[in-house]
Amino acid sequence: QCTLVCPTGALSEKDQGDVLLDWIEDPAVTTVVQTAPAVRVQLGEAFGLPPGTNVEGRITAALKALGVDFVMDTRWSADVTIMEEGTEVLAKLKADREAGRRGTYFTSCCPGWVNYVELSAPELTPNLSSTRSPQAIFGALSKTYLPQKKGLDAKAIRTIAIMPCTAKKEEAARPTLVREAGVQDTDLVLTTREFAAVLRRAGIDLAQMPEVPYDSPFMSASSGAGALFGATGGVMEAAVRTMRAVTGVDDKTWRPAFEAVRGMDGIKEAEVELPGVGVIRIAVVHGLANVKTVVEAVKRGESRWDFVEVMACPGGCVGGGGAGRGQRTPRAALPSRLQGIWKIDAEAPIRASHENPDVRRLYEDFLGEPGSHLAHDLLHCEYRDRRAAPNPPSAEQLFRTVELT
Ligand code: SF4
């Protein structure tokens, strides 16, 4: 076993690949693996492929070769996140406009950012979207919706997430994401680097694997918007597509791209018109220094933004510290990884979360509608002021970024 350090400082990384292998070998266990958008443009580098190569199908082939029962796509639950978060934020923006006030609302799918708020700016916890991250939403639905659809024993399911950062391990263990005592919705999180080590130990060369589609289409069909979660600006771009559509805009302005929120500028801003709400000002922030600038402006009451996407890592999840060697992510790889994400979106037959037929089926068959009672129970969570927790790590420790090479 080896121990590495996350660049967000969220948690030291303990190699848990053997846990996955033990579960695969246990006939009483049903293994369900989800793979994050960023991982598919990172992992190939560990097997000699150029940065940004989309190895999505090869990851599925490798997991099936290992003996995993179900391999599914976190892009699907990213689309569900957009349905919930878009509905939630739209309702808040409308209420604010009607009341003549302005609130600034933040995305919450990056646990490095959520930790920072809870430990450093807890007065902003009400401004965080209550919608769970795609990892957490997948975890909850894998223990409820999946067994119902497939006739599986929920207690036999072990849900494993392959993610770009160690902060996701801590997220999976958050008390609000534990369904019953000691049972997490997401049982195990492996970083890109840990998963690469598992494949090497098993003698699997990812570069030589064939392309294999995801299992169980009802939890894997996904949109290009879902893929964008891997890149800075991607959650905002995905949200804007659906928020504009559900407020009545049908001009497909998101084709081919919402350039204002793309690229490596630290703080990106744009205005978006939403019928019934008005013009909203959005921002996209990544990296600690830029996040501090925005947080301090909001705390001083000088915010000019209605909705802000925050990602702890430079470049978003493609820059997550769970890939690369040691705790460093090569800066040179980021542009290619971002291009890889945008290419997946551009080539996707479905580009917006609300157009995903399997997401529509989820609501028709199981949840009812976005924001329903059941959706709130399974897909939302609460945040808390953690400054008073016993021996809390400092926000700086939890949100520390490395100087990229
Ligand atoms: Fe993890 Fe970084 Fe992505 Fe946040 S931005 S979820 S810390 S990889």
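The pLDDT is the predictor's confidence in each residue, on a scale from 0 to 100, and two residues are taken to be in contact if their C-beta atoms, placed from the backbone, lie within 7 Å. The structure is a predicted model, in which local features need a pLDDT of at least 70 and side-chain atom pairs count only at pLDDT 80 or more, while totals for chains, interfaces and linings use all residues. Residues are numbered from 1 along each chain as its sequence is written.

The protein chain averages a pLDDT of 89, and 90% of the residues score at least 70. Over residues 1-12 the pLDDT stays under 50, although the model has 50 contacts beyond four places in sequence for this stretch; over residues 401-405 the pLDDT is likewise below 50, with 16 contacts in the model beyond near neighbours in sequence. Where pLDDT is low, the predicted coordinates should not be read in detail. For the model the scores are ipTM 0.99 and pTM 0.93.

Helices and strands are named here from DSSP runs numbered from the N terminus, a helix being a run of H or I of at least four residues and a strand a run of E of at least two. Their axes are lines fitted to C-alpha atoms, for helices over the stretch in contact, and the angles run from 0 to 180 degrees between N-to-C directions. Helix α1 (residues 17-25) and helix α8 (residues 192-201) have axes that come within 9 Å and cross at roughly 55°. The two helices α1 and α8 are therefore oblique to each other, given that angles under 35 degrees count as roughly parallel, over 145 as roughly antiparallel, 65 to 115 as roughly perpendicular and the rest as oblique. The crossing of α1 past α8 is right-handed, a term for the case where the near helix is turned clockwise from the far one by less than a right angle, with anticlockwise giving left-handed. On the α1 side the contact involves Gly 17, Leu 20 and Leu 21, which meet Glu 194, Ala 197 and Val 198 in α8. These residues divide into 4 nonpolar, 1 polar and 1 charged, where Ala, Val, Leu, Ile, Met, Phe, Trp, Tyr, Cys and Pro count as nonpolar, Asp, Glu, Lys and Arg as charged, and the others, Gly among them, as polar.

Helix α8 is itself mostly covered, with 7 of its 10 residues buried; a residue is buried if 20 or more other C-beta atoms lie within 10 Å of its own, exposed if 12 or fewer, and partly exposed in between, again with C-beta atoms placed from the backbone. The buried residues of α8 include Arg 193, Glu 194 and Phe 195, and the buried set packs against α1, α2 (56-66), β6 and β9 (188-191). After α8 comes Gly 203, whose phi is positive, near 75°.

Helix α3 (residues 74-99) takes part in two further helix pairs. With helix α13 (residues 357-367) it packs at an angle of about 60°, the axes being 9 Å apart, and that makes α3 oblique to α13. Their crossing is right-handed. Trp 76, Asp 79, Val 80 and Met 83 of α3 make this contact with Asp 358, Val 359 and Leu 362 of α13, a group of 5 nonpolar, no polar and 2 charged residues. With helix α10 (residues 234-246), the axis of α3 comes within 9 Å and crosses at roughly 60°, and this crossing is also right-handed. Here Ile 82, Glu 85, Gly 86 and Leu 90 in α3 meet Ala 238, Ala 239, Thr 242, Met 243 and Val 246 in α10, and the residues divide into 6 nonpolar, 2 polar and 1 charged.

In helix α5 (residues 134-142), 9 of the 9 residues are buried, so α5 is largely enclosed by the rest of the structure. Its buried residues pack against β3 (30-35), α3, α6 (145-150), β6 (157-163), α7 (167-172) and α14 (373-379).

Two loop residues are exposed. Pro 175 sits in the loop between α7 and β7 (178-180) and is exposed, with 9 other C-beta atoms within 10 Å; its C-alpha atom is separated by 9.8 Å from that of Cys 381, 206 residues apart along the chain. Gly 276, in the loop between β10 (267-274) and β11 (278-286), is exposed, with 11 other C-beta atoms within 10 Å. Leaving aside neighbours within four places in sequence, Gly 276 is in contact with Lys 94 and Thr 247.
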